[in-house]
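Take a look at the structure below. This report walks through some of its helices, cores and loops.

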Amino acid sequence: MKRMVSGIKPTGELTLGNYIGALRNFVKYQDDYELYVFIANLHCITVPIEPKELRKNLKDAIALYLACGLDPEKCTIFLQSDVYEHAQLGWIMTCMSYMGELGRMTQFKEKTSNATNESISTGLFVYPPLMAADILLYDADYVPVGEDQKQHVELTRDLAQRFNNRYSETFVVPEPLIAKVGARIMSLSDPSKKMSKSEESNKGCIYLLDDLKVARKKIMSAVTDMEGRVNYDKEKQPGVSNLLEIMSSLSGESIDSIVARYEGKGYGEFKKEVADVVCRELEKIQNRYNEILRGSLIKDTLKQGAEKAHHIAFRKLKKVQRKMGIDIF
Ligand code: TYM
């Protein structure tokens, strides 16, 4: 079985973008791949966050992993900070990376565009080498992610090759796995921007734990255009195309088929069906989430997951230390 690793950084509540671009795919892959999924809590602290809020987000994220259908019997689910090897290989990867390449990361540039060097955390700068470590520790063949993480996975590939060239073959060079539909879900209020948990107003972002009425309202007031026909054209009709991607990825119906069904019909009717599809999915997830919070599944899953992940990560890190000469015996 090929191996897969991926993570989510719950600095806020998980979004429909996280679900369509990542989580839902993890659930599909767990049957055919050896899958390791973690909560990237060390990545969460690259920006200031209240401990109480962070702890709640982490617990919610694990509950949502399980509620969305990840099965701890089929995949390994763990908290990044429970497997100490991530931080050590993260440091090693930091030492393998160059200021220039980290400075070119678009996410770093976006997140720091309005800040001065005095206020940017170095954690934000060395975020990608830690992400490389998350992946390389497990010799992952594939990394299922949304479009926005592609550049980070490409850096991971460069770092793996650099290490292999310098110290001999050690790491598997991973490939990003990006779905054709839904890899970049856009904001409902500004379809030129990614749907994101850090969005200023949350009108454009659907959270997996949104009240269903609120989620429906956000979709019904999604920004569209003056063209007046349901059509997939990301340039001219970004809002409608985004709604088509959301509906197609959740219902499994192709975009062409949805477009054909809506020929001659208006946006109101279309949005209503998108809202029905989204709310049906959210309702299923939320019912399961509430059941999970009441039981002990979260604790058991994390304990078992950390043990399994540690077993692999420990051996890999020892090998790396030996190759680099930072061990003695
Ligand atoms: P994060 O937490 O920003 O996002 C988690 C996953 O959700 C995807 N995603 C989206 N997909 C489609 N449309 C959107 N609007 C959308 N928003 C988010 C992301 O592409 C991602 O797959 N750095 C990572 C976490 C991480 C990681 C890793 C991922 C840390 N170590 C190792 C993979 C492997 C992050 O911040 O993702």
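## Two helices side by side

H4 and H14 are roughly parallel to each other, because their angle of about 30° falls under 35 degrees. This comes from a predicted model. Helix H4 covers residues 85-96, and helix H14 covers residues 297-324. Their axes lie 10 Å apart. The crossing of H4 past H14 is left-handed.

Which residues of H4 and H14 meet? From H4 come Glu85, Gln88, Leu89 and Ile92. From H14 come His310, Ala313, Phe314, Leu317, Val320, Gln321 and Met324. Sorted by class, this contact has 7 nonpolar, 3 polar and 1 charged residues.

Now turn to H11 and H13. Helix H11 spans residues 238-251. H11 and H13 pack at an angle of about 40°, and their axes are 10 Å apart. That angle makes H11 oblique to H13. The two helices cross in a left-handed way.

H11 brings Val240, Leu243, Leu244, Ile246, Met247, Leu250 and Ser251 to the contact. H13 brings Tyr267, Phe270, Lys271, Glu273, Val274, Val277, Val278 and Glu281. By class, the residues of this contact are 11 nonpolar, 1 polar and 3 charged.

In soluble globular proteins, nonpolar side chains tend to be buried together. Here the largest nonpolar core has 62 residues. Which of its members touch the most others? They are Leu16, Tyr19, Leu23, Leu70, Ile246, Phe270 and Val278. Helix H13, residues 267-294, gives the most to this core, with 11 residues.

What does Ile246 contact beyond its neighbours within four places in sequence? The list is Leu16, Ile20, Ile185, Leu188, Val274 and Val278. Among these, Leu16 and Val278 are also named with Ile246 as touching the most other members of the largest core.

## A covered helix and a buried histidine

Helix H8 runs over residues 127-136. Is H8 mostly covered or mostly uncovered? It is mostly covered, with 10 of its 10 residues buried. These include Tyr127, Pro128, Pro129, Leu130 and Met131. Ala132, Ala133, Asp134, Ile135 and Leu136 are buried too.

His152 belongs to helix H9, residues 150-167. Its relative accessibility is 3%, so His152 counts as buried; the cut-off is under 20%. Leaving out neighbours within four places in sequence, His152 contacts Met105, Gln107, Tyr127, Pro128 and Met131. Tyr127, Pro128 and Met131 are residues of H8.

## Loops with a positive phi

Asp139 has a positive phi of about 50°, although it is not a glycine. Asp139 sits in the loop between H8 and strand S4, residues 142-144. Is Asp139 buried or partly exposed? With a relative accessible area of 23%, Asp139 is partly exposed.

Ser168 is not a glycine either, and its phi is positive, near 85°. Ser168 lies in the loop between H9 and strand S5, residues 175-177. Its relative accessible area is 38%, so Ser168 is partly exposed.

Where is Asn202? The residue is in the loop between S5 and H10. Asn202 is partly exposed, with a relative accessible area of 42%. Not counting residues up to four places away in sequence, Asn202 touches Tyr207 and Lys218. Asn202 and Leu188 are 14 residues apart along the chain, and their C-alpha atoms are separated by 9.4 Å.

Val214 lies in helix H10, residues 212-220. Val214 has a relative accessible area of 38%, so this residue is partly exposed. In sequence, Val214 and Lys203 are 11 residues apart. In space, they are 9.3 Å apart, C-alpha to C-alpha.

Methods: Residues numbered from 1 in each chain as written. Predicted model: local features only at pLDDT ≥ 70, side-chain atom pairs only at ≥ 80, totals over all residues. Heavy atoms only, no water. Core = buried A, V, L, I, M, F, W, Y, C linked by side-chain atoms within 4.5 Å. Buried < 20%, exposed > 50% of the residue type's maximum accessible area, 1.4 Å probe, protein only. Helix = DSSP H or I, 4+ residues; strand = E, 2+ residues; numbered from the N terminus. Contact = heavy atoms within 4.5 Å. Axes fitted to C-alpha atoms, helices over the stretch in contact; angles between N-to-C directions. Parallel < 35°, antiparallel > 145°, perpendicular 65-115°, else oblique. Left-handed = near helix turned anticlockwise from the far one by under 90°. Nonpolar A, V, L, I, M, F, W, Y, C, P; charged D, E, K, R; others polar.
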